[in-house]
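Here is a short walk through one protein model. Keep the sequence and the 3D view open as you read.

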Amino acid sequence: MKPLLRNLAEMTAHRDHLRLEVSVLSTLLRLCHRVQVRALELFEQDQATMLRPRSWSQDGQIVSSEHDAAGDPQRLPLADAPELAQCIAAGGESAQRSSPGRHTLWLPVWQAGRATACLEVTQPRAFTRHQRDVVKGVFLVYQNYQNLLDYSERDALTGLLNRKTFEEQFARDAGSTPAADGGADLPRPWLAVIDIDHFKSVNDRFGHLYGDEVLILVANVLRAHCKSQDRIFRFGGEEFVVLLRSVTLAQARQVFERLRAAMQAHAFPQIGHITASIGFAASQRGSPVEVLGRADQALYHAKESGRNRVCFYDDLVLSGVLQAKIAHDEVDLF
């Protein structure tokens, strides 16, 4: 019992969702013999619920996914796990599947009445009642603690990270990469500001309920086409911010163009089709406010030059459309 209590104490010491997830998987890995554990993310794509591994056990350690969501070969439809699909449809707490030499226990993670993820525990022997009770007990501690984090960090409508968590996430994910000049092939973090075009007309024509549904579905599109370790925020209204982990400029362009195209192609109930404009900038040069400002300027240009397009801040500076602030060491001169 003492090791279990230590594991629970370690688990609830984290203030970050990913670290909390890794910690609970590590706890479950220590509890059972010859067990495999995974955290599966649920997301919507092409009107189907999909699953993809976000963290999992490998050689006795927990690793996290760096796959690009749109091209992740490990993703699969929820329908391929009918026991889990039935559990989620019924709002259940757990589901099981048993076959010779392989027994799986699924525990859906519920957020605001919606299953957003699932913990999966697999072992070669059938689960005893005691094992199930212990696993479920650890899971309930994890889910309750995660709900506390969600309450303070998540946007209530979309489930995305909210604006007040942005600077902390920026410092952890984007600001951790040393600044470097030049080299388009150099991997670096990126920040994009995404704004739904003519969103006010959606609210005016169809009402705020349909407007809220558009925001929820846009959040789903963003989740489905970003890496599981990228950070997606709702800044309020129809504005979203995406922090990409370190990729090259060419890869960043591809990701943001794919987001733009995916939103244009998505059929929204009653509304039909919408578009979005995107401005992005490298995020390892400057403070969060400065980087946001650059991406915002690029977004403004995208809006002013026709909407439904992606603009890169440095391109606009090089072409003379925008003027960069003159920087000297750590001081910006205005």
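**A cavity, a hairpin and some rings**

The count comes to one cavity of 30 Å³ or more. A cavity here is a set of points, on a 1 Å grid over the protein atoms alone, where a 1.4 Å probe fits but cannot get out. Its volume is the space filled by probe spheres set on the points, with grid points joined across faces, edges and corners. The model is predicted: local features need pLDDT of at least 70, side-chain atom pairs count only at pLDDT 80 or more, and totals for chains, interfaces and linings use all residues. Residues are numbered from 1 along each chain as its sequence is written, and side-chain values use heavy atoms, with hydrogens and water left out.

The largest cavity holds about 600 Å³ of space. It is lined by 30 residues, and those closest to its centre are His-17, Glu-41, Arg-54, Arg-154 and Ser-228. Lining residues have an atom within 4 Å of a point. Elements giving two or more residues to this lining include α2 (17-31), β1 (36-45) and β2. Helix α4 gives the largest share, four residues. Helices (H or I, at least four residues) and strands (E, at least two) are DSSP runs, numbered from the N terminus. By class, the lining has nine nonpolar, eight polar and 13 charged residues. Asp, Glu, Lys and Arg count as charged; Ala, Val, Leu, Ile, Met, Phe, Trp, Tyr, Cys and Pro as nonpolar; the others, Gly among them, as polar.

Now follow β2. Strand β2 (residues 48-58) runs antiparallel to β3 (residues 61-64), and four bridges join them. Strands pair if DSSP finds at least two bridges between them. Gln-58 has Gln-61 in β3 as its bridge partner. The two strands form a hairpin with two residues between them, and Asp-59 in the turn has a positive phi of about 55°.

Turn to the rings. There are 10 aromatic pairs. Rings of Phe, Tyr and Trp (its six-membered ring) pair if their centres lie within 6.5 Å; planes under 30 degrees apart are stacked, over 60 edge-to-face, the rest tilted. Phe-166 and Phe-170 form a tilted pair, 5.7 Å centre to centre with 50° between the planes. Both lie in helix α5 (residues 166-174), four residues apart. Phe-280 and Phe-312 have ring centres 4.7 Å apart and planes at 15°, so they are stacked.

How values were computed
1 Å grid on protein atoms, 1.4 Å probe; cavity = no way out; pocket = protein on both sides within 12 Å on 5 of 7 lines; lining within 4 Å.
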